[in-house]
Amino acid sequence: MSEKILLAHTRDDERRTMCSALREQGYFVRQCVDTASLLDALEDSPAVLLLDAALFGNGRGEYWDEVAKFCSQRETACLVISNTGEPSSSIRERLPWAMGVVRHPNDVDELAARVGDLVSIRRLGHELGLAHGMLQRKQREYNESLRAAAQIQKNLLPQRLPKVDTLSFTYRFLPCEQVGGDLFNVMRLDEKTLMAYLFDVSGHGVSAAMVSVSVSQSLSPHSGRIVKQRIQTDPYYRIPSPAEVMASLEKEFPFERFEKFFTITYLLIDIETGRVRYCNAGHPPPVLLRADGSLETLDEGGGLIGIEGLGAFNEGEVSMRPGDRLYLYSDGITEHSNSRLELFGEQRFFRKVQELKKRDLDSVCEKMVEALHTFGKAQPIKDDITLLGIEYRGRSL
């Protein structure tokens, strides 16, 4: 499409020469010879206004203010035509919104070059505006996707924790702004057995949230595939060991399926005895705080889920005694950093758990979050922070 040029010039010979030269360059040229028709011609939104300096003496200052406003609104660049020898500084003082001065209007090469530059700048400006608008639309779509992913993640969190006489539970979950892949759950599998897990999918955003959904569905007891399998004989189900669950997840979630991997801690708790069987797949090991204040880490397991060839999964077992507490957590806690890029770290986390041993379980989780905020000194959370606390109270009488 030809760019429009408005040529406002009083001298016929120069106007005809410039008009002919511009049309040869492929421009559509509209002409006017006085201020009376200038504003009407600007309604056509020309790319460039070639304005004869001789017209400045016509019209009041308010008129030229209106011309300047028209040019600004329509993104019309103005070049002043002046071969009278008037200093450029004087012209700029009278028309500060002009983009330059053409001293030799009959030099068609110079004229074409000056007009061509302004047309290119205007075209690039339009393209930049279109790109910016597209970027804004994409950003709105992305933000909407993040909000949807965050809602999905929130909906998958346990709405109610099990009510068990021998055990108590509490948790804190702080999602990062980018939407991470942390998810956990605590559920009864039968009258004697309780399942708990916490996993962390690599990456952030919608893709991580979608993988979280898939893993969560696979770990649902109602699916009858991984954590509670249907069989043909009484009691018509079996509960696979934690190591078996890890092996099943490894088969179901190869890296090439979602181009994601995840870490997980998975454990089974005997509700009456406090016996815990567990397995970690590349996840930070749970921390067992004994009632006497001593601390153990549950280290048995194997490599993360999604990367083949890392070997078999080892299963661990430990017995909780009344007053013992077990903490499952994500690396968002230990890797939370301050402004000096120092990490909160495992040892600081372990010491804090021991310092808070006399507080109730919910208060421990709350104080741990406060400690993270204090350490980070308002630094943004870069990964989901999840802490799940389980306390064994002992057999009911």
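These legends go with a few close-up views of a predicted model.

**View 1. The strands paired with β4.** Strand β3 (residues 48-52) runs parallel to β4 and is joined to it by 5 bridges. Look for aspartate 52, whose bridge partner in β4 is isoleucine 81. Strand β5 (residues 100-102) is also parallel to β4, with 3 bridges between them. For this pairing, pick out valine 80 and its bridge partner in β5, valine 101.

**View 2. From β4 to β5 with helix α4.** Helix α4 covers residues 88-94. Together with β4 and β5, α4 builds a β-α-β unit, and that unit is right-handed.

**View 3. Helices α10 and α11 crossing.** A packed helix pair is described by how far apart the axes are and the angle between them. For α10 (residues 346-355) and α11 (residues 361-376), the axes come within 11 Å and cross at roughly 140°. That angle makes α10 oblique to α11. The crossing is right-handed. On the α10 side, the contact is made by Arg348, Phe349, Lys352 and Val353. Meeting them from α11 are Lys367, Met368, Ala371 and Phe375.

Key:
Residues numbered from 1 in each chain as written. Predicted model: local features only at pLDDT ≥ 70, side-chain atom pairs only at ≥ 80, totals over all residues. Heavy atoms only, no water. Pairing = 2+ DSSP bridges. Helix = DSSP H or I, 4+ residues; strand = E, 2+ residues; numbered from the N terminus. Right-handed = clockwise from strand over helix to strand, strands pointing away. Axes fitted to C-alpha atoms, helices over the stretch in contact; angles between N-to-C directions. Parallel < 35°, antiparallel > 145°, perpendicular 65-115°, else oblique. Left-handed = near helix turned anticlockwise from the far one by under 90°. Contact = heavy atoms within 4.5 Å.
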